Amino acid sequence: MIFKGSRKKDRKKALAINAFMAFLLAVYVLSPTVQKLVLRSLFPNASSYVHPRISLAHMTLVHLGLTLSATALSVVVGVTVGVYVTRSFGREYLPLAVRTNALLQSLPPSAVIILAFPILGFGWKPTLLALFLYSLLPVAANTIIGFQSVGRDILDAADGLGMKEVQRLWIVEFPIAFPHILNGIRHAFILNLGTAAIGAVIGAGGLGSIIMSGLISNNSALVLSGTIVISSIALLSESVFSLMFGGQ
Amino acid sequence: MREAIIEFSGVEVKYGEVEALRGIDLKIPGGKVTVIIGPSGCGKSTMIRTVNRMVEPTRGTVRYQGQDVKTFDKIELRRQMGYAIQNVGLIPHLTVEENILLVPRLLGWSEDKKKKRAKELLDLIGLDAGKYANKYPSELSGGEAQRVGVARALGADPPVLLFDEPFGAVDPLKREELQDEFIRIQRRLRKTVLFITHDLSEAIRLADYMVIMKDGVVVQADAPERLLKEPGSDFVEQFLGTDRTLQRLTLLTADRIARPLRAEKEEFVGLSGVSWKPLEEGEILAKFKKDSGEFAYRTVRVSIHAARPYASLKECVSRFLALGLPAIPVVDDSGKVVAEVLFDDIQRITKEG
């Protein structure tokens, strides 16, 4: 009881810290005045502290939108593939899926963006494609690992007791695989969050824009401003994930 | 024999080139415990798995209640046959209660009926419902998990039970306890049980009908008393014979062959010539004569080297090996040295066997 109580207290504390961090981040993103204040203290001689045309809030929103949609796509496709190749009827495709996955992961996202550019044009579409392909591996691979982690004896007992394949999947296998799948999703999200920045090269928007703009005009303050937001979101989401599902 | 409820005729199973079963003809009596025993790889697991169609025979038929099992729906068939295996395979994220109610849940029983059944089952296997119902498999000991595995097999009260070494993963002492429970339960329920083991004493204790297998065929099948009396082949004789000695060592206890000690000052001396001198808690100093005639000393740790009066001789043997002296002391529950067991005596018994 004491143990449980103290864990609950720890959770509350962690929750409070996260909420406070999120608040600070929101204040920074929403207020150009705060941005200037923070950045000026670090780079007193920078030529400017905000992007000339786009607000940081807008960039953050686009960035998150791209990241979330790419992750969602990876989850839908990756989990489906992962479940399929671990069924008795799809097992023959398991090696193919694993290899394809590895191949996709080895493609540099920037190359995908450039290659997809002629077909999908300017803007967010090539970036979304690149992010989706790139983050498919962690989701699919973790789903496969998750289902493969279900003990043979457990499956044998489930079959022997007369479970249908679908019942076995939902009652037995999915709950055991779930933590692994979640881990894959977390991995994919963080990966996309960072990689989405390169989309700015072909006008996908997002926080890559302010970083690019800083790089071009040799203004470290702008580069830092974009980076602060990306890494804060990464840190925050990491701890939110572990808060939501870590303690099980 | 009474009406056979399960019948194998000419059953062969091939896995690629490997022949797991090479023509099984066997009738399984209803309402009795049929124990299948044989060396590992003899095809015993494959055989019971053909009954609930986990394995399909390459040739031949398995009949259940007179009908080819192929004519049954696989799922329906399995739900009529409780299934328990050596490594239990409890579902880790479900509680004990949810695990044992798995088949009732699949069959769509009402909540009331399920609740009642859970309590019945836990009572039956001797686990306190209040304490165990909501535990998770990871919180159970090996013996408790195996009990729960058996309860899960009994879940929806199936007429047939397929048990593949259900007590295989616990230590011998716990195993005997589980066997006692099983005998008690079976007296009440009178199920048709197909029970696999590779432990001969377990087989002899539980079987109404015993099937000895080797290399994918049935070597002999009969009541255990008749098998022991009239082994039909060298293999059966050897199989029963080699283990018979060990079995006697399991059944005999230390107090049966222990030798008395006389007290000399603070020491106890007996026939072995070793003098045992109790030291502080849990230790005894053993003084003995080496071959060279000099005296030597060894510290005896009671927990490792000494035997309780009710320890089996099998256990005594391992304690001898640990201590390396011609005798080990026997201590009572309060830790007092009361007797000694001589290695020579054990050897004599194994020769007699």
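Let me start with the contact between the two chains, which takes 15 residues from chain A and 16 residues from chain B. On the chain A side, helices α7, residues 152-160, and α8 each supply at least two residues. The largest share of that side, 6 residues, comes from α7(A). By residue type, the chain A side divides into 7 nonpolar, 4 polar and 4 charged. Please keep in mind that this is a predicted model.

Now chain A by itself. It has 10 helices and 0 strands, so the pattern along the sequence is simply α-α-α-α-α-α-α-α-α-α. Its C-alpha atoms fill a box of roughly 75 × 60 × 20 Å along the principal axes. Of the 248 residues of chain A, 38% count as buried. Taking the contacts in chain A with a separation of 6 or more, 72% come from residues 24 or more positions apart.

The helix pair I want to show is α8, residues 165-195, with α10, residues 220-245, both of chain A. How are these two arranged relative to each other? Their axes are 10 Å apart and the packing angle is about 170°. Angles over 145 degrees count as roughly antiparallel, and α8(A) and α10(A) are therefore roughly antiparallel to each other. From α8(A), the contact is made by Pro179(A), Leu182(A), Arg186(A), Phe189(A), Ile190(A), Leu193(A) and Gly194(A). From α10(A), the residues are Ile230(A), Ile233(A), Ala234(A), Ser237(A), Glu238(A), Phe241(A) and Phe245(A). Sorted by type, the residues of this contact are 10 nonpolar, 2 polar and 2 charged.

Helix α9 of chain A covers residues 208-216, and in it Gly208(A), Ser209(A), Ile210(A), Ile211(A), Ser213(A) and Gly214(A) are buried. What covers these buried residues includes α3, residues 56-85, and α10 of chain A. After α9(A) we reach Asn218(A), which is found in the loop between α9 and α10 of chain A. Asn218(A) has a positive phi of about 55° although it is not a glycine. Is Asn218(A) buried or exposed? Asn218(A) is exposed, because there are 10 other C-beta atoms within 10 Å, and 12 or fewer counts as exposed.

Lys265(B) is not a glycine, yet its phi is positive, about 55°. Lys265(B) is found in the loop between β12, residues 262-264, and β13, residues 267-269, of chain B. Lys265(B) counts as exposed, with 8 C-beta neighbours inside 10 Å.

One more residue in chain A is Pro109(A), which is in helix α5, residues 109-120. Pro109(A) is buried, because 22 other C-beta atoms lie within 10 Å and the cut-off for buried is 20 or more. Leaving out residues up to four places away in sequence, Pro109(A) touches Ala130(A), Leu131(A), Tyr134(A), Thr195(A) and Ile198(A). The C-alpha atoms of Pro109(A) and Gly199(A) are separated by 9.2 Å, with the two residues 90 residues apart along the chain.

On to the rest of chain B. This chain is divided into domain 1, 4-251, and domain 2, 254-352. Taken over C-alpha atoms, 41 Å separate the centres of the two domains of chain B.

Chain B has an open sheet of 6 strands, in the order β6-β7-β8-β3-β9-β10, with mixed pairing. Which strands stand at the edges? They are β6, residues 81-85, and β10, residues 217-222; each has a single partner strand, so one side of each is left without a neighbour in the sheet. On average, neighbouring strands of this sheet are turned by 15° against each other, direction ignored.

Inside the sheet, β7, residues 160-164, and β8, residues 192-197, of chain B pair in the parallel sense over 5 bridges. Asp164(B) stands opposite Ile196(B) in β8(B). Helix α1 of chain B, residues 44-51, lies across β3, β6, β7, β8 and β9 of chain B. This helix, α1(B), runs at about 155° to β8(B).

Notes: Residues numbered from 1 in each chain as written. Chains lettered and ligands numbered in written order. Predicted model: local features only at pLDDT ≥ 70, side-chain atom pairs only at ≥ 80, totals over all residues. Helix = DSSP H or I, 4+ residues; strand = E, 2+ residues; numbered from the N terminus. Contact = placed C-beta atoms within 7 Å. Axes fitted to C-alpha atoms, helices over the stretch in contact; angles between N-to-C directions. Parallel < 35°, antiparallel > 145°, perpendicular 65-115°, else oblique. Nonpolar A, V, L, I, M, F, W, Y, C, P; charged D, E, K, R; others polar. Domains from an automatic or database assignment. Pairing = 2+ DSSP bridges.
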